[in-house]
Amino acid sequence: MTDAVRLAPHPDRDTAAPRHLLRAATRSAHDRVDAAFGAFDMATAEGYRRFLSAHQAVLPPLERSLAASSVEDHLADWPSRCRSEALAADLRDLGIDASADGGEAPVAAFSPAEVMGALYVLEGSRLGGAILARHVGAAADPRCRTATRYLLHGEGERLWPSFVSYFNASDVVRHSLPEVIAAARHTFSLFETAARDVAARFPEDNR
């Protein structure tokens, strides 16, 4: 391989690409989410229920708001990316009825930049799904080992790489990056708050 080929720029390695700028700007918020969800022992049925319950408090309302904000103008395959049904099915397998999740509550209207910020967080959350599913696979309760539709949703479909390509090329992101960053930080904060609320209600599950 020649030096010219080896050093040729690659869009996903460009540290100035919007995706990398956003990752740097939201690193601390992302770290706080990871720390909050670290309170749940994914190898136990109770820990996994609480993990999924925290996601249930945030994901369905977010997906409804995105749908109401013309998210398909950004991602035409949005219906195939939705995970609320997979999450509810996993919760049912674990004995939790997720049908009463505030579905009748008014949804927020997002600006295009807010849509992109929220999508960045939701689509990025897929990256750790396979790793978490392996932890769940170590659970003694067989219901946990089969309730991984949410964690493994879209496995093998390259949903994250296709989103990154769209995100980096988006005029909305390019022209409204501060608003995209603020929306991503807010979305991370929703997940952090939900995780901490669940952990506070069940402190015996904290590590």
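Here's a quick tour of the model, from confidence to core to pockets. What you see is a predicted model, with a mean pLDDT of 87 for the chain. Its largest nonpolar core has 55 residues, and its largest pocket holds about 780 Å³ of space.

- Of the chain's residues, 87% reach a pLDDT of 70 or more.
- Go carefully with residues 1-13, where pLDDT stays under 50. For that stretch the model has seven contacts beyond four places in sequence.

**The nonpolar core**

- Which residues have the most contacts inside the largest core? They are Tyr 48, Leu 119 and Tyr 120.
- The largest share comes from α13, with ten residues.
- Setting aside residues up to four places away in sequence, Tyr 48 touches Asp 41, Met 42, Asp 90, Leu 94, Val 136, Cys 144, Ala 147, Thr 148 and Leu 151.

**Leu 52, a buried spot in α4**

- Leu 52 sits in helix α4, and it counts as buried because its relative accessibility is 0%, under the 20% cut-off.
- Leaving out neighbours within four places in sequence, Leu 52 is in contact with Leu 87, Asp 90, Leu 91, Leu 94 and Tyr 150. Asp 90 and Leu 94 also turn up among the residues that Tyr 48 touches.
- From Leu 52 to Ile 96 is 44 residues along the sequence, and their C-alpha atoms are 9.9 Å apart in space.

**Helix α5 and its cover**

- The buried residues of α5 are Leu 59, Pro 60, Leu 62, Glu 63, Ser 65 and Leu 66.
- What covers those buried residues? The cover includes α4, α6 (78-81), α7, α8 and α13.
- After α5 comes Ser 70, with a positive phi near 60°.

**Glu 192, a charged residue in α13**

- Glu 192 is found in helix α13. Is Glu 192 buried or exposed? Its relative accessible area is 14%, under the 20% cut-off, so Glu 192 is buried.
- Beyond residues up to four places away in sequence, Glu 192 touches Arg 32, Val 33 and Ala 36.

**The largest pocket**

- Its lining has 30 residues, and those nearest the centre are His 30, Asp 34, Gly 124, Ser 125 and Gly 128.
- Two or more lining residues come from each of α2 (18-25), α3, α4, α8, α9 and α13. The largest share, six residues, belongs to α3.

Methods:
Residues numbered from 1 in each chain as written. Predicted model: local features only at pLDDT ≥ 70, side-chain atom pairs only at ≥ 80, totals over all residues. Heavy atoms only, no water. pLDDT = per-residue confidence, 0-100. Contact = heavy atoms within 4.5 Å. Core = buried A, V, L, I, M, F, W, Y, C linked by side-chain atoms within 4.5 Å. Buried < 20%, exposed > 50% of the residue type's maximum accessible area, 1.4 Å probe, protein only. Helix = DSSP H or I, 4+ residues; strand = E, 2+ residues; numbered from the N terminus. 1 Å grid on protein atoms, 1.4 Å probe; cavity = no way out; pocket = protein on both sides within 12 Å on 5 of 7 lines; lining within 4 Å. Points joined across faces, edges and corners; volume = space filled by probe spheres on them.
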